[in-house]
Amino acid sequence: MRNLPLFGARSQTLILWLIPGLRRFSSAASGGGGARVAVKKVTRSNFEPALEDLRALVRDADFVAIDLEMTGVTSAPWRDSFEFDRSDVRYLKLKDSAEKFAVVQFGVCPFRWEPSRGSFVAHPHNFYVFPRKELPVHGPSYEFLCQTTSIDFLAKYQFDFNACIREGISYLSRAQEAEALKYLSSKYLDGLANSFCNLEEHVDIPLVRTADLFFSERMKTKFQEWRDAILKGSDKGCADKENADSTEMQFQTVFFKMRPAVFLNGFSTHQLNLIQLVVRKYFKDLVYICVVDEDNSWQRRLVYVETEEDKASFMKEVQQDLIRVEKRVESAVGFRQVVDLLASDGKLIVGHNCLLDLAHIYSKFFGPLPSSMMEFILAVHEKFPYIIDTKHLLNSSQVIQFLMKRSSKSLSSAFSLLCPKVSSVYQNSTSSTYVRFEIQADETGSSCFNSGAKHEAGYDAFMTGCVFAQACSHLGIKFEVHTPLCDLARNGKIKNYINVLYPSWNSGTVLHLNTGTESLESGYKRKYPAVIFANIVLIWGFPSKFKPKDLKDCICRVFGPDSITSIFFIDTTAALIQFSKEEFVNEILVLKDTLERVNDPISMLHPLSKLLEGGNTRAANYDTYRDICAASASKVLFADQADSLGIRWKTKLGTGSQETKEASCNETTTDITSLVEHSSEVRADSIRQFKHQISYNDILDSLNVSKSLLGKGMTST
C-alpha cells in the first residue's frame, strides 16, 4: 500500500458530508486537499485486541458492510458466466470459483447512527487473511489458485502481499474445526485405550510377515531390558540409542510428566501399531501415548508407571493435555471468529454484488458448498437472516435509477455519484438531502487511505455502507426520526430489497434467500433473448478454423435456414447451438452418429462432413455441458476439460439411446441405402435432402477422395 501520512493526533474523527451534486472531498482532520479515510489494518499481530473492539462495534451497529478481495474469479476462460448458462450451471461455476481461489482481504465496516451528532459513525476494518496450516492434522497444506489478471489488479491498487502472506490471519471453517478436534482426540485417546485395556484379554499380534515376528520379539526384549534397568536404578536406560547397524531406529530415554519414558523415533506406522500390541500384551506398567509437541509435531512415547493409581493419575494428566490441544484448535479458528460474530448477532449485512462474496464466506468459514443453488442460498439465509445487495438496490429502485440515470452501477461509480466528495465549506449546511458520516480511528494500528484506495477491502466496505445509507435516504428513510435503528432490516421502505441478490449474470432474474428460488425481476432488462435449454446441443472438438457463421451455414444446409436461433462459442473449438425446435437436438445427434458410423465416400458429401473433419468432434445435449462444468478440473480448453473426464464417445444420444463409441477401423462399410434406412426412424428426409444441395464441384471432390481411398485400399491389399 502507499505510504500515506497518519493523522497527527492520537485520536481523530473524520467528518464527511455527502451531498448530491458536489464532487470534492475534504476534511477538517486532513487540513485541506483530498480527504483521508482511516481504515484499521488488522493482521496476526493485532488481531486479538481488534477482535475485542469489533465485538462491541458490531453489537452496537445498525448494519455492517462487508467486502472481499480474492486471488481470482475464473479458473478457466470457459468458466465465465455466459448467457447460455442455466441456473444450475451458473452455480457450478460460482462454486468452482469459491473453492479454488483464496480470500486475501476481508473488509468489515460497522455503521452506527448517532442521534446526538445526526450522523453515522463508521469503523472500517481491513483484515489480511491467509490460509495457513497451524495444526498437526493429516492432509496436505492448503492450496489455491491465483489468476494473473486478479493479482495484477491487486498490485495496481497497492495490495500489500508481504502483509498478507507473512502476517495474514489464518482460519478454520466450522467443518475443519470439527474434523481437527475429532482427529486430535482420537490420536490421544486411542493410544490410552490400548494401554488401559484389560490385560487378561487374549491379544493376538497379527504377523503379516516373518519380519513382523522378529520385530515384535525384538521390541519385547528391548522394552523388558529398559524397564529392568529403570527398576534396578541403572543409568543404562537414561541415554540408550541403538547403533547404526540396527536399522537406524532410535531409543531415547526422557522424562515425561516426571516419569521415565522411551522417546520413539524412526518407526513406521505399521511398526508403531505392532509396538502398541506388544505393550498391550506383555507390559501392564508401560503406557503408549501420542502427544502434540510445542512445534505442532506428533511425538510418540512409551511411559513407565509404577502402580495402577499412578497410571490413572497419568491418564488424567494426558487428558488435560488434550484439553490444552483443543484450546489450540479454538485459537486456530482465527479469522472465522469475525464471521461467527457477524452471523451470531443477526445484524443487517450489506454487500455490493455480493453473491460470490457469500459463496467464499460459506466455503472458507462454514463448510463445503452445497451441491445446488437452492441449498446454498437457503444455507446462507440460515447463517445471515438479513442481507442487502446494493447492486440489486441500484438496479431495481426507480428512485435510484432516476438519480444515477445511465451511469454504471459499479461500486466506485455509485459512491462517487450518490456520495460525492464534500468541501469543508459545506459542513454547516442544513440541507436534508445529505447523509453525514464520521469515521473514528486511533492512530495505533491504523493506516490512512485517500478516496483513490478503492479495491482495498476495508475501504470498499466503507463505500458500500455509504451507498446503502444514502440510498435509504433517497428512498425516504429519515434516520433522525427512526431512532434507534435496531429494526432497520424490517423498515417497510427497504423490505422489498432485503434478502434479494443480484446474481451477476445477464438473466434478468434475482435470487431470493428466504425461499431459495430464482425469479424474473420486472425492473431488469435482459441483454439477450430468452434461452430454451431443451433446444440446445453442445458440440466441441471441431476444427478451430470454424467461425460462428461457418457453423451455422453447415447446419442450416441440413435443417433449413430458420432451424438455428442462436449460436454461442464457448471457446475456439466448442459451441452451444440453440435450435428453433427441440426435436432438432436429437436429430442432429443421430445424424452425426450415423455419418461417423458409415464413413464411406458418399457420406463425405454431406454438409456436416466439414464439421466432423479431424475425427475429434463430439456432441451431446445440454446436460452433458452441466456435467463437464461440475468437474473439479479446469483445463484451459473446453475440449481438454471433457477429455480429462474420460469422455471417449463421439456422440451421446438422448434418453432411450446408447452412447456411441468410435467405430473401429475394420468396421464394414455401409452403402447409402443402409444410411437412409438407419436414419428414417427420426428424420429420413434430412438424409435425402443433402443430395439436392451438393454442387458439381462437391461431387468431383468427393470422387477424387473416393478414388484416392480406393487406391490406398488396393495398395494395402
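This is a predicted model: local features need pLDDT of at least 70, side-chain atom pairs count only at pLDDT 80 or more; totals for chains, interfaces and linings use all residues.
Numbering runs from 1 along each chain as its sequence is written, and side-chain values use heavy atoms, with hydrogens and water left out.

H6 covers residues 210-231 and H7 covers 269-282; their axes come within 10 Å and cross at roughly 55 degrees. Axes here are lines fitted to C-alpha atoms over the stretch in contact, with angles from 0 to 180 degrees between N-to-C directions. Now show side chains: on H6, pick Asp-212, Phe-215, Ser-216, Met-219, Lys-220 and Phe-223, which meet H7 residues including Leu-274, Val-278 and Tyr-282. Contact means heavy atoms within 4.5 Å. The residues of this contact split into eight nonpolar, three polar and two charged.

Next, select 355-365, helix H10. 11 of its 11 residues are buried, so H10 is largely enclosed by the rest of the structure; buried means under 20% relative accessible area with a 1.4 Å probe, protein chains only. Among those buried are Asp-357, His-360 and Lys-364.

Then jump to Ser-397, in the loop between helix H12 (390-396) and helix H13 (398-404). Ser-397 counts as buried because its relative accessibility is 1%. Beyond neighbours within four places in sequence, Ser-397 touches Leu-475 and Tyr-497.

Finally, zoom out: buried residues make up 51% of the 717 residues in the protein chain.

How values were computed: Buried means under 20% relative accessible area, exposed over 50%, partly exposed in between (1.4 Å probe, protein chains only). Helices (H or I, at least four residues) and strands (E, at least two) are DSSP runs, numbered from the N terminus. Ala, Val, Leu, Ile, Met, Phe, Trp, Tyr, Cys and Pro count as nonpolar, Asp, Glu, Lys and Arg as charged, and the others, Gly among them, as polar.
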